[in-house]
Amino acid sequence: MSRWAAGKIATHISMKMRYMLVAWLMKTQPYFGVMINESTDRGGSQNHIIYIRDEIVEDPVSFFRGLVKLRKTTSTAEMTDAPLDDLIASQANNWLGLKRDYMVRKWVRFATDGASALTGINGVANRLAE
């Protein structure tokens with residue numbers, strides 16, 4: 001099997017898993033949390049690693065949601081908008097994302113590693129609270 005074919009298969013499986021996670025959340029879970037961690041890759045690009053955090057039979061679990069590459073790392077708006085764009089359904093991928101009204105009603109937790117860009121006065125956490 002070629003690398004191209006293996007990549008296509010992995011992409012297809014991850015899309016199906018994303019769909020199943022969103023459908024499961026919307027059907028069975030009264031609330032959910034999001035955990036974001038900032039990371040820098042070998043090339044120096046900053047990324048957000050996004051997890052959906054929930055409980056299954058009172059056991060906490062984390063589901064990998066995605067890796068979002070930031071275009072402008074100095075902009076707080078970019079740092080807030082990138083993860084939200086990944087989580088919120090757009091017209092093109094509404095089966096992959098959560099609807100904005102659903103997130104407003106059900107998103108109750110936000111966790112981060114404590115980086116000032118995520119938790120500071122102009123950080124992502126404060127912008128999300130608005």
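Guide: Two strands are said to pair here if DSSP finds at least two bridges between them; strands (E, at least two residues) and helices (H or I, at least four) are themselves DSSP runs, numbered from the N terminus. The model is a predicted one, in which local features need pLDDT of at least 70 and side-chain atom pairs count only at pLDDT 80 or more, while totals for chains, interfaces and linings use all residues. Residues are numbered from 1 along each chain as its sequence is written, and side-chain values use heavy atoms, with hydrogens and water left out.

The sheet is open and is formed by four strands in the order S3-S2-S1-S4, with mixed pairing. Strand S3 (59–69) and strand S4 (107–112) are at the edges, and each has a single partner strand, so one side of each has no neighbour in the sheet. On average, neighbouring strands are turned by 25° against each other, direction ignored.

Taking the pairings in turn, S2 (residues 46–56) and S3 are antiparallel and share ten bridges, and within the sheet Glu55 stands opposite Pro60 in S3. Helix H1 (residues 3–28) packs on the sheet, where it touches strand S1 (32–40), S2 and S3 (contact means heavy atoms within 4.5 Å), and its direction makes about 45° with that of S2; such angles run from 0 to 180 degrees between N-to-C directions, along axes fitted to C-alpha atoms, for helices over the stretch in contact. S1 and S2 are also antiparallel, over eight bridges, with Met35 opposite Tyr51 in S2. Their hairpin has five residues between the strands, and there Gly44 takes a positive phi near 90°. S1 and S4, by contrast, run parallel and are joined by five bridges, and the partner of Gly33 in S4 is Arg109.

Leaving aside residues up to four places away in sequence, the contacts of Ile52 include Leu21, Leu25, Phe32, Val34, Val61 and Leu87.

There are four aromatic pairs in the structure, where rings of Phe, Tyr and Trp (its six-membered ring) pair if their centres lie within 6.5 Å, and planes under 30 degrees apart count as stacked, over 60 as edge-to-face and the rest as tilted. Phe32 and Tyr102 are stacked, at 6.0 Å centre to centre with 5° between the planes, and they link strand S1 to helix H3 across 70 residues. Phe32 is buried at a relative accessible area of 0%, and Tyr102 is buried at 5%, where buried means under 20% relative accessible area, exposed over 50% and partly exposed in between (1.4 Å probe, protein chains only). The rings of Tyr51 and Phe64 have centres 6.0 Å apart and planes at 70°, so this pair is edge-to-face; it links Tyr51 in strand S2 to Phe64 in strand S3, 13 residues apart. Tyr51 is partly exposed at 26% relative accessibility, whereas Phe64 is exposed at 55%. Finally, ring pairs link Phe32, Tyr102 and Trp107 into a cluster.
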